[in-house]
Amino acid sequence: MRHGRTAHNMSSSSLRKKSDLTLVSRVPYACLRRLLANLQEVFLGTRLFVLFPAIPLAILANCYGFGRPWIFALSLLGLVPLAERVSFLTEQIAYYTGPTVGGLLNATCGNATELIIAIFALKDRKISVVKYSLLGSILSNLLLVLGTSLFCGGIANLSREQKYDRRQADVNSLLLLLALLCHLLPMLFRYSGALAALTAEPALQLSRASSIVMLIGYVAYIFFQLWTHRQLFESPEDSEGDDDAVEETAVIGFWSGFTWLLGMTVIIALLSEYVVVTIEDASDSWGLSVSFLSIILLPIVGNAAEHAGAIIFAFKNKLDITLGVALGSAAQIAMFVVPLCVILAWIMGINMNLDFNILETGSLALSIIATAFTLQDGTSHYLKGLILLLFYIVIGACFFISKTPLNQADIIIPGVKMTTEAVFSA
């Protein structure tokens, strides 16, 4: 974790390429030369630069009233390189601030795309979209990313036994089990046999209290990761020297990196608003449910760069980095992004709880348990990855055929009133 480099940063770095600054160095003016160098490093320093045109196309499509499904698709494509560039910029800033601040930056910005999309969905009171997208991010990391990585890594390394350090996986599994408990209890409240009028408010209060507990647990995890047990999260490649690693020098200045990070965040916010506003139109146009788009499509596209990096490192038999990406992202979303959204909704006067309904919570529970069983012995082979992938396919098929109304989970108080009226009328 030198200079704050974590598994997330190393995963994203696998898609970067070194920029050739020969032409830029010939510019006579220093300020212009630095500007051009920054532009080249930020926009051409990634293999995903071909997707950057989707950003202005999405903005133009929105300004000129193109089809809303097109806006949705272009916005999703534009988010792919932006997520990778945020990881790059936080790493550049960490070269100047040190590993601790760099780790804190990664802990807060590692899933910036999911958080920003969730905030805009909350603003529009689309609580179901918030829950679906965050649940989908956890499921995709645990089943799709980890499953694909273990499967591809096992096929590519049939002649070698694949091993990894169980200690980091155990810590993340414990965090995910704590998050699962906090999701289960509000749902069990609803199925406790009491009237909905009697359980809705206590379940909401329990969700808010559980969210505070989860945030405390996440802060303790960050302290554990960055200070007391840093060695558990250090990649062996940091000490052995990795030919594929990014050179341990900053390529842009501190204030340039900070400015670019703010600019990228603003663009992510703009595209996230487009995604939230147009998701229902895309659902109607494509014949796919909002739950399927939110749980399956959004997480896959939004984190494509990071996920691709995890699979690449699995091919190279570097499973510690792969596990750090998949489990670390899942734990960060479950223990930080989800409870933070509940607290933000509370501040905004919106009643969002941790009850994700029985189908969604059951899928989450089985995914966490299956992942914990998969990683319990410290070794891997392709069959483990294949089983996790089959888990994901079955869950994806379930939500593909699901036609749950979007606002079913959004309306809490009116549902309570209707239940109360029904009771009195009876």
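**Aromatic rings, a buried helix and a buried glutamine**

Ring pairs join Tyr 96, Phe 254, Trp 255 and Phe 258 into a cluster; rings of Phe, Tyr and Trp (its six-membered ring) pair if their centres lie within 6.5 Å, and planes under 30 degrees apart count as stacked, over 60 as edge-to-face and the rest as tilted. The model is predicted: local features need pLDDT of at least 70, side-chain atom pairs count only at pLDDT 80 or more, and totals for chains, interfaces and linings use all residues. Residues are numbered from 1 along each chain as its sequence is written, and side-chain values use heavy atoms, with hydrogens and water left out.

The structure holds 12 aromatic pairs. One of them, Tyr 218 with Tyr 221, is tilted, with 6.0 Å from centre to centre and 40° between the planes. These two tyrosines are about one helical turn apart because they lie three residues apart in helix H9 (residues 196-228); helices (H or I, at least four residues) and strands (E, at least two) are DSSP runs, numbered from the N terminus. Both Tyr 218 and Tyr 221 are buried, where buried means under 20% relative accessible area, exposed over 50%, and partly exposed in between (1.4 Å probe, protein chains only). The rings of Trp 255 and Phe 258 have centres 6.0 Å apart and planes at 85°, so this pair is edge-to-face. Trp 255 is exposed, at 63% relative accessible area, whereas Phe 258 is partly exposed, at 35%.

Helix H6 (residues 112-123) has 12 residues and spans 17 Å from its first C-alpha to its last, close to the 16 Å expected at 1.5 Å a residue; the expected span is 1.5 Å times one less than the number of residues. Of its 12 residues, 10 are buried, so H6 is largely enclosed by the rest of the structure. Among these buried residues are Glu 114, Phe 120 and Leu 122. Arg 125, whose phi is positive, near 60°, follows H6.

Gln 162 belongs to strand E1 (residues 162-163) and is buried, with a relative accessible area of 1%.
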